[in-house]
Amino acid sequence: MVNKEKLIFNNVLELVGNTPLVKLNVVTSEFPGSYIAKLDSFNPGHSSKDRIALHIIEEAEKKGILKPGDTIIETTSGNTGFSIAMVSIIKGYKCVLAVSSKSSLDKIDMLKSMGAKVYVCPANVSVDDPRSYYEVAKRLHKEIEGSIYINQYFNSLNLEAHYKSTGPEIWNKTEGKITHLVACSGTGGTISGTAKYLKEQNSNIKIIGVDAYGSVLKKYHETRELDPNEIYPYRIEGLGKNLIPTATDFDLIDKFIKVNDEDSAHTAREISKTEGIFVGYTSGAVVQAVKQLQESNEFKATDVIVLIFPDHGSRYMSKIYNDQWMNDQGFFDEQNQSSAKSIEFIK
């Protein structure tokens, strides 16, 4: 990664990586141990997916797979697409994205703003349905001459990007004191690549994956069998899967814990209001997982727990930070109420 101390950068891609670690002071104040957030929203594309987009595209360039004017195609819940669109702009490629309809309108609008051609595909269809974003991306790759399909779910470079960047950053910045890593698992590249590096430094570091109810990852980790009965619609983006991505190395993950949509949404709001860190939905899921783990006495006072916060809250303004959306999901009750009372209109 380029030294971020330099005064002038050649382009935004030189800002990818080397994101800060920030201690959580309020939301985990009653829990034993030190809790540190890895703020990957500090990447120029505001998410951890900048790392894989840049790494995969540059590797394709080195191998001669990508040529000037070619088209890059990818499936995405939004963040990877934004990162690929950003890299494509700088490097002169066309960008075509198949996006899950579960993605927030904010994310879809951002993709269009970055010049990408966007195909919005229904989220709640089977993997092999021709309308699924997997199948749409494959079809577009066949139809568009001079295109490559990134295929982050089954691309080992996804894992490699984090092995070469996120893992070393966490190890070095904690001075090797990290005892636990808690990270959401979607494609699995972030958690697997980071875990691989950390386990090589200290095999005792515990890797905890966060999964969603409605996803198959936790049960597959425990049984090595994909159970279709586990699959049902859920709202969290970029977390969980209805298939088994080969970019996930399940042998590197010590355990999974599942979180639900409602608790994760409220916890994201709590982080923003108490820590002053405007986080996305999956960051809420990570801290919600820590809360649930605390109930079973997972951590002790001497532990150093690093949590990966993958993206920025601005991508969820039409979802978890929108009172109407929260109300429509049935997420407000006596304990968790609308924030509308925080606004007063002067007439």
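Begin by selecting glutamate 298, which is buried, with a relative accessible area of 16%. The cut-off for this word is under 20% relative accessible area, so a value of 16% falls within it. Please note that the model on the screen is predicted.

Is lysine 255 buried or partly exposed? With a relative accessibility of 26%, lysine 255 counts as partly exposed.

**Second stop: glutamate 237 and lysine 319**

Next, select glutamate 237 together with lysine 319. They too form a salt bridge, in which the closest N and O atoms are 2.9 Å apart. Glutamate 237 belongs to the loop between α8 (217-223) and β9 (255-259), while lysine 319 belongs to the loop between β10 (304-309) and α11 (323-328), so the bridge ties together parts that are 82 residues apart in sequence. Glutamate 237 counts as buried at 1% relative accessibility. Lysine 319 is buried as well, its relative accessible area being 9%.

Now move to glutamate 169 and lysine 38, a salt bridge whose closest N and O atoms are 2.5 Å apart. Glutamate 169 is found in helix α6 (residues 166-173) and lysine 38 in strand β2 (residues 34-39), so that distant parts of the chain, 131 residues apart, are linked. Both glutamate 169 and lysine 38 are buried. In total, the structure holds 26 salt bridges.

**Last stop: helices α9 and α10**

Finally, select residues 261-275, helix α9, and residues 281-295, helix α10. Two packed helices are described by the angle and the distance between their axes. At what angle do α9 and α10 pack? The angle is about 100°, with the axes 7 Å apart. The two helices are therefore roughly perpendicular to each other. To view the contact, display its residues, including Asp261, Ala265, Ala268 and Ile271 of α9 and Tyr281, Gly284, Val287 and Lys291 of α10. The residues of this contact divide into 6 nonpolar, 5 polar and 4 charged.

Conventions. Residues numbered from 1 in each chain as written. Predicted model: local features only at pLDDT ≥ 70, side-chain atom pairs only at ≥ 80, totals over all residues. Heavy atoms only, no water. Axes fitted to C-alpha atoms, helices over the stretch in contact; angles between N-to-C directions. Helix = DSSP H or I, 4+ residues; strand = E, 2+ residues; numbered from the N terminus. Parallel < 35°, antiparallel > 145°, perpendicular 65-115°, else oblique. Contact = heavy atoms within 4.5 Å. Nonpolar A, V, L, I, M, F, W, Y, C, P; charged D, E, K, R; others polar. Salt bridge = Lys/Arg side-chain N within 4 Å of Asp/Glu carboxyl O. Buried < 20%, exposed > 50% of the residue type's maximum accessible area, 1.4 Å probe, protein only.
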